Each structure stands twice: as structure tokens, then as C-alpha cells.
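Please look over the sequence and the model shown here before reading on. The paragraphs below go through the helices, the core and a few loop positions.

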Amino acid sequence: MSMKMKGLLAALLIPAAAIAAEAPDFKTLDQDKDGYLSRDEITEGIPQVLTVFSRVDANKDGKLDPREYEMALRVLSGQQS
Ligand SMILES: [Ca+2]
Ligand SMILES: [Ca+2]
């Protein structure tokens, strides 16, 4: 198992509410500064969001804009189902 996979598994064990409270902000995660978070950027920065990715990608373009990211954090913290 790769280090990256181990990190991903460890991250998934963190309670969702804690994730949302300590989530990196959008600009930090958007490494290539294109205004969207790709799956790769999310995997690197906040892999927990992958678990809700398809639910919060409202326009189904395969990446998250700032509003979709905010929604992901809300879903993870249990404010929105
Ligand atoms: Ca990006
Ligand atoms: Ca989207």
C-alpha cells in the first residue's frame, strides 16, 4: 500500500465535524489557481471531500467551485443531508 493510500485511509477515520472545522480554504486547495478544485487537488488536500464529491458537484463538471466546496464541508459536518 502506498503512503498516499495510507494517508487517505487515516484521513477518512477523522470525524467529519472535525474535518469541516479544520478544512483548508479554497484558495489553499486550488493549487493550479484555475478557480476549481479537481479530484487530484481534493485528494491531496482534503480527501474526505471525495466521499461527498458526486453529491456536491451540482453542475457535474467533475470539479468543485467555491460554492460546491462550501456545500461539501456542510455535508461533511452534518448540517445538510
Ligand atoms: Ca484547481
Ligand atoms: Ca462542479
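**Core and loops of the chain**

Leaving aside its neighbours within four places in sequence, Ala 72 is in contact with Val 49, Val 52, Val 56 and Leu 64; two residues are in contact here if their C-beta atoms, placed from the backbone, lie within 7 Å. This is a predicted model, in which local features need pLDDT of at least 70, side-chain atom pairs count only at pLDDT 80 or more, and totals for chains, interfaces and linings use all residues. Residues are numbered from 1 along each chain as its sequence is written, while chains are lettered from A and ligands numbered from 1 in the order in which they are written.

The chain holds 6 helices and 0 strands, and along the sequence its pattern reads α-α-α-α-α-α. Helices (H or I, at least four residues) and strands (E, at least two) are DSSP runs, numbered from the N terminus. Of the 81 residues in the chain, 19% are buried. A residue is buried if 20 or more other C-beta atoms lie within 10 Å of its own, exposed if 12 or fewer, and partly exposed in between, with C-beta atoms placed from the backbone. Among contacts in the chain with a separation of 6 or more, 48% are between residues 24 or more positions apart.

Ala 72 also belongs to the largest nonpolar core, which has 11 residues: Ile 19, Ala 20, Ala 23, Leu 37, Ile 46, Val 49, Leu 64, Tyr 69, Ala 72, Leu 73 and Leu 76. A nonpolar core is a set of buried Ala, Val, Leu, Ile, Met, Phe, Trp, Tyr and Cys residues joined through C-beta atoms within 7 Å. Two or more residues of this core come from each of helix H2 (16-21) and helix H6 (66-76). H6 gives the most, with 4 residues.

Which residues of H6 are buried? They are Glu 68, Tyr 69, Ala 72, Leu 73 and Leu 76. Seen down the axis of H6, these buried residues fall within an arc of 145°, so they line one face of the helix; the arc is that of the directions from the helix axis to the C-beta atoms. An α-helix has 3.6 residues a turn, so residues three or four places apart point the same way. The cover over the buried residues of H6 includes H2, helix H3 (26-29) and helix H5 (53-56). Just after H6, Gly 78 has a positive phi of about 85°.

The loops come next. Pro 24 sits in the loop between H2 and H3 and counts as exposed because it has 11 C-beta neighbours inside 10 Å. Not counting residues up to four places away in sequence, Pro 24 touches Leu 29, Gly 45 and Ile 46. The C-alpha atoms of Pro 24 and Gly 45 are 7.4 Å apart, although 21 residues separate the two along the chain.

Lys 33, in the loop between H3 and helix H4 (39-45), is not a glycine, yet its phi is positive, at about 55°. With 7 C-beta neighbours inside 10 Å, Lys 33 counts as exposed. Lys 60 lies in the loop between H5 and H6; its phi is near 55°, a positive value in a residue other than glycine. Lys 60 is exposed, with 7 other C-beta atoms within 10 Å.
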